[in-house]
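Have the viewer open and try each task before you read its solution.

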There are 2 protein chains.
Amino acid sequence: MSGLLTETIKKIKPLDGSAVEQARRRQDRLTKPQGSLGRLEELSIQLAGIQRKPVPQIKDKAIIVMAGDHGVVAEKVGNWPQEVTAQMVYNFLGGGAGINVIARQTGVRLTVVDMGVATPLENSPALVSRKVAPGTKNIARGPAMTIEQATQALETGIDLANKEIDKGLDIIGTGDMGIGNTTPSSAILAVMSGKAPAEVTGRGTGIDDELLAHKINVIERALAANRPDPKRPLEVLAKVGGFEIGGLAGVMLGAAANHVPVVIDGFISGAAALIAAGLAPQLKDYLIPAHRSAEAGHRILLQHLGVKPLLDLDMRLGEGTGAALAIFLSEIACKILAEMATFPEAGVSEKQS
Amino acid sequence: MSGLLTETIKKIKPLDGSAVEQARRRQDRLTKPQGSLGRLEELSIQLAGIQRKPVPQIKDKAIIVMAGDHGVVAEKVGNWPQEVTAQMVYNFLGGGAGINVIARQTGVRLTVVDMGVATPLENSPALVSRKVAPGTKNIARGPAMTIEQATQALETGIDLANKEIDKGLDIIGTGDMGIGNTTPSSAILAVMSGKAPAEVTGRGTGIDDELLAHKINVIERALAANRPDPKRPLEVLAKVGGFEIGGLAGVMLGAAANHVPVVIDGFISGAAALIAAGLAPQLKDYLIPAHRSAEAGHRILLQHLGVKPLLDLDMRLGEGTGAALAIFLSEIACKILAEMATFPEAGVSEKQS
């Protein structure tokens with residue numbers, strides 16, 4: 001592995017135990033029964049450990065949405081045309097997509113990245129062009145990309161995370177766009193979890209039973225053709241991954257190396273997290289799983305990562321839409337820890353033992 | 001029943017089917033796979049029906065927190081002193097409670113009401129004083145209040161909902177504070193659902209096994225002493241309810257009568273919803289259940305109401321903390337419907353059939 005990737009992985013340290021302990025003690029002195037704010041309390045404590053501050057703070061919030069195309073669409077695994085990836089990039093730039101609406105409402109800044117869209121995209125000041133190649137190759141017949149391209153995708157993500165940090169960053173979320181990208185994501189999940197493709201493959205944007213059976217068969221063929229080794233996550237990415245998936249894994253590594261919490265969106269971001277956590281197991285402590293996607297394999301994915309999602313709203317859009325909602329909850333969790341009065345401050349009597 | 005209550009119940013109409021249908025059609029034309037925003041899509045459609053607008057809007061947001069004390073604390077059903085109800089009212093007025101933090105962050109205005117706090121409260125311009133009596137009577141020995149007091153509590157809630165509507169109101173949430181109020185809430189749930197007290201009684205602020213067994217026994221005694229009839233919700237409120245529970249039920253009726261969506265918080269607000277929906281079954285369509293409380297009986301309560309909560313964050317604080325989060329989700333849901341581009345607007349190709 002090359003320099004930036006190796007160095008970044010080395011920089012990912014355990015959470016700050018002292019900050020965790022101080023945050024927990026403060027939660028228990030706030031004017032409420034202990035534990036009565038549930039997941040919001042746990043979240044504030046995790047954020048303290050990540051940011052290495054007893055009272056974590058979230059002001060600068062960003063989501064990186066990465067777009068890429070997938071050669072496996074040649075196998076007709078879905079029912080949307082490939083050109084939609086590029087069209088949705090323009091929709092992001094124009095402010096009309098789901099993530100634009102939620103990001104505006106939650107005060108999250110959005111960066112849109114072309115990691116490997118097949119259609120040539122017009123230049124735009126708002127578009128970050130980092131195309132590794134115009135779409136991956138067909139994983140049903142061979143590797144999606146070379147090891148060099150996989151490394152490039154990861155390091156692009158690290159570089160872009162660093163650029164966000166330079167702008168000021170307290171939390172980052174991941175988002176994806178790529179017609180066909182539930183197929184490589186399910187393939188990654190099958191490899192990393194050891195489960196059969198049939199167990200981890202879902203309906204993506206909404207395919208019928210017949211197409212689902214075909215999609216499972218395509219993934220089985222991809223695994224047979226590539227034989228990826230779960231102990232080699234970089235190779236898994238190269239063999240059955242995607243450019244936006246590699247880029248998002250890089251964002252996660254780059255953020256965690258700099259003590260920035262990472263909110264992972266849904267199924268595609270989860271597949272990226274499997275690659276990133278495979279490269280750097282310590283990363284898991286830095287992850288905040290936004291929601292349980294309606295995509296079938298996501299439950300297994302989250303179990304394999306060992307994380308519990310905050311939300312369960314039957315969403316399956318991607319784009320970072322779930323991440324934006326969870327960033328909002330993270331901000332609330334920090335404000336509660338920072339702004340609620342303690343028992344002595346408010347003159348409230350404590351529980352009788 | 002008296003005039004205001006009867007008139008308000010009569011005013012609660014079915015949702016506007018035409019607005020529902022138009023909202024559903026617009027959701028299906030937005031640039032995303034149909035249904036991929038899950039519960040947020042359903043929520044926007046429900047809000048359209050409630051507000052009777054094809055594109056519902058949420059700008060003015062309010063939560064009413066109602067406080068009351070409970071004579072049943074004489075039976076030692078919990079482990080916090082009764083004076084905490086009044087102390088927490090001051091904490092709300094001072095801005096240091098959990099609901100204050102979340103309301104600030106979500107742009108929700110807060111109204112704090114004394115419906116029946118036992119401790120005399122100092123006057124404050126921010127406190128709405130509508131004390132029915134200084135605490136209910138002990139339900140283990142007889143009725144909590146008279147039928148006249150129950151009617152007064154309900155009509156106070158209706159009146160305060162009307163006052164919020166006069167200020168401008170697009171959505172309202174309910175919140176409660178009252179040491180001991182999980183006991184009358186469990187009693188109401190037992191009556192209205194027909195379940196045994198042991199099935200619907202939980203640990204409130206966190207009591208141990210011994211105290212839980214005692215609390216269940218107290219509720220059994222309350223039902224035996226009062227014999228409330230589930231077909232007479234006003235009588236149920238009077239016999240085993242509370243002043244803040246009656247007030248919140250009134251808020252729900254008053255809001256629904258004026259086409260304002262009602263976000264119900266946790267267990268106590270849920271008990272109020274059982275009373276309100278008992279009086280006006282049509283009310284259920286106007287309810288947005290914020291979250292599944294960690295309080296044991298809440299699952300049964302939500303099933304009995306026939307509603308599915310938006311969030312499940314192991315919260316059990318009350319005060320409207322869950323409601324404020326769900327108001328935020330409701331606002332997001334409306335913005336998505338209003339602001340996302342349609343397929344033709346964004347020039348995005350649609351799914352191939």
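A polar contact here is a pair of N or O atoms within 3.5 Å; within protein, one atom must be able to donate a hydrogen and the other to accept it. Please keep in mind that this is a predicted model.

**Exercise 1.** Work out which elements of chain A build the side that touches chain B.

*Solution.* Start with the polar contacts: 21 residue pairs across the interface of chain A and chain B qualify, with both residues at pLDDT 80 or more. Next, look for elements that give two or more residues to this side of chain A: they are α3 (38-51), α4 (83-94), α5 (98-106), α14 (321-339) and α15 (343-346). Among these, α14(A) gives the most, with 9 residues. Finally, sort that side of chain A by class, and you get 25 nonpolar, 18 polar and 13 charged residues.

**Exercise 2.** Find how many salt bridges cross the interface of chain A and chain B.

*Solution.* Apply the rule across the interface, and 4 salt bridges turn up. To see one of them, go to A:E339 and B:R104, whose side chains meet at 2.9 Å, N to O.

**Exercise 3.** Identify the rotation that superposes chain A on chain B.

*Solution.* The same surface serves both copies, as 100% of the contact residues of chain A recur in chain B. To locate the axis, go to A:L311: its C-alpha, at 3.2 Å, comes closest among the residues of chain A.

Conventions: Residues numbered from 1 in each chain as written. Chains lettered and ligands numbered in written order. Predicted model: local features only at pLDDT ≥ 70, side-chain atom pairs only at ≥ 80, totals over all residues. Heavy atoms only, no water. Least-squares fit on C-alpha atoms with pLDDT ≥ 70 in both. Contact = heavy atoms within 4.5 Å. Polar contact = N/O pair within 3.5 Å; in protein donor to acceptor, adjacent residues only side chain to side chain. Helix = DSSP H or I, 4+ residues; strand = E, 2+ residues; numbered from the N terminus. Nonpolar A, V, L, I, M, F, W, Y, C, P; charged D, E, K, R; others polar.
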